[in-house]
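Hi everyone, thanks for coming. I'd like to walk you through one protein today, starting with its aromatic rings and then stepping back to the whole chain.

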Amino acid sequence: MGNAMRGIIAFIPSERCHRFLVGDLKEMPLDRTLDLSCHQLRRLPVTACVFDELVKLYLSDNNLSSLPPDLQGLRKLQLLALDFNRFEELPAAVCRLPELCILYLGNNRLHRLPRELSELKELNTLWLETNCFTNFPKVVCKLTNLKTLHFGYNQICSLPKDLSHLEELRSIWLAGNLLTEYPPVLLEMPFLAVVDVDRNKIRYFPGLTHMPGLKLVIYDHNPCVNAPAVGEGVRRVGRWADSSDDEQEGDSKKAVNEHTHTAEVAESSSEDLQDI
C-alpha cells in the first residue's frame, strides 16, 4: 500500500481502517516485539496494548501526538520507540512503565519533560535529540540508572550542576546545541567515557586528563583555539586531534595572537577613519 493511501486511511477513525493499516492484532508476537513503525498512524490501536508480555514496541515514523492510557498496562515493556512523531508532550502512560530501559523520543516537538519521568527507575538509555528544548530538563538528573543520553540538536546553552548525580552515566551526546563553554559539570564526572560537543560555540577547552574513564571526545566544528588535553589512549575528533601537545599549544597561541592582531588592526583602522 502506498504512503499516500496510508495517509488518507489514517485520517479515518474506524477500527476497520486501523486494522487495514496495522493488520489484525490478535496474537502476542512470539518474540514479544511489535513493530508498527512507518504506518502513518495518528493513534495507537488499543488492541496493541493488550499484549501484557510485550517487551519491545516500535512506533517510530508515524504521526502520533498522544498515546492511550491503556499503554501503561504493558508492565514488562523494556524498549519503546517514539521517535519521528509529533509529540509536544510526553504521554503520562509512558512514565508508568516500570521496566522500561530504553526510550527513543528523538525528532519530535518536545520542549519539556514531566516530573513523573523520574519514576522510570530502570531507564538506562534516553534519546532526546532534535527536539525543541531551550533548557535542559532537570528531571533527567533524577534518572539515577541512566548510562547513555542523546541530547543533540536542541537549543540549550548550559547543563545543570545536578547532572553530576548521574554516576552511572557513561556517554553524553550534545552536538548541535548552543554551548558557549565546555560545561563545567562534565569536569566533575570522571566516569564519563564518551563526550560529544560537536557543532557548538565553544571557544576554549579545559584539560580532561583527570578523567580516567574517558575514551572518546568529539569537539569538531567549534570556534575553539585549542584542543582538549586528554590522557593516553583517549581518541579525539576535531581540530588538532592528531597534533602533539606542544604543537597544540603553539597553534593555540598562534590562533590567540592572530585574533589579537586582527582586533588591533581593526581598532587602528577605526582610529584612522576618525582622524580623516
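**Aromatic pairs and the core**

So, searching the whole structure, which is a predicted model, turns up five aromatic pairs. Let's take Tyr104 and Trp127: their rings are tilted, with 5.5 Å from centre to centre and 40° between the planes. This pair links distant parts of the chain, since Tyr104 sits in strand β4 (residues 102–104) and Trp127 in strand β5 (residues 125–127), 23 residues apart. Are these two buried or partly exposed? Tyr104 counts as partly exposed because its relative accessibility is 23%, and Trp127 counts as partly exposed at 25%.

Now please look at Phe205 and Tyr219, an edge-to-face pair with centres 5.4 Å apart and 65° between the planes. Here too distant parts of the chain are linked: Phe205 lies in the loop between β8 (194–196) and β9 (216–218), while Tyr219 is in the loop between β9 and β10 (235–237), 14 residues apart. Both Phe205 and Tyr219 are buried. There is also an aromatic cluster, made up of Phe133, Phe136 and Phe151.

Let's move to the nonpolar side. The largest nonpolar core has 71 residues, and Leu71, Leu80 and Leu186 have the most contacts inside it. What does Leu186 touch, leaving aside neighbours within four places in sequence? Its partners are Leu159, Leu163, Ile172, Leu174, Leu192, Val195 and Met211.

Finally, the overall picture. The protein has three helices and 10 strands, in the order α-α-β-β-β-β-β-β-β-β-β-β-α. Of its 276 residues, 47% are buried. The accessible surface is about 14600 Å², with 50% of that belonging to carbon and sulfur atoms. Thanks, everyone!

Definitions and conventions:
Residues numbered from 1 in each chain as written. Predicted model: local features only at pLDDT ≥ 70, side-chain atom pairs only at ≥ 80, totals over all residues. Heavy atoms only, no water. Helix = DSSP H or I, 4+ residues; strand = E, 2+ residues; numbered from the N terminus. Buried < 20%, exposed > 50% of the residue type's maximum accessible area, 1.4 Å probe, protein only. Areas by Shrake-Rupley, 256 points an atom, 1.4 Å probe, with all protein chains shown as cover. Core = buried A, V, L, I, M, F, W, Y, C linked by side-chain atoms within 4.5 Å. Contact = heavy atoms within 4.5 Å. Phe/Tyr/Trp six-rings, centres within 6.5 Å; stacked < 30°, edge-to-face > 60°.
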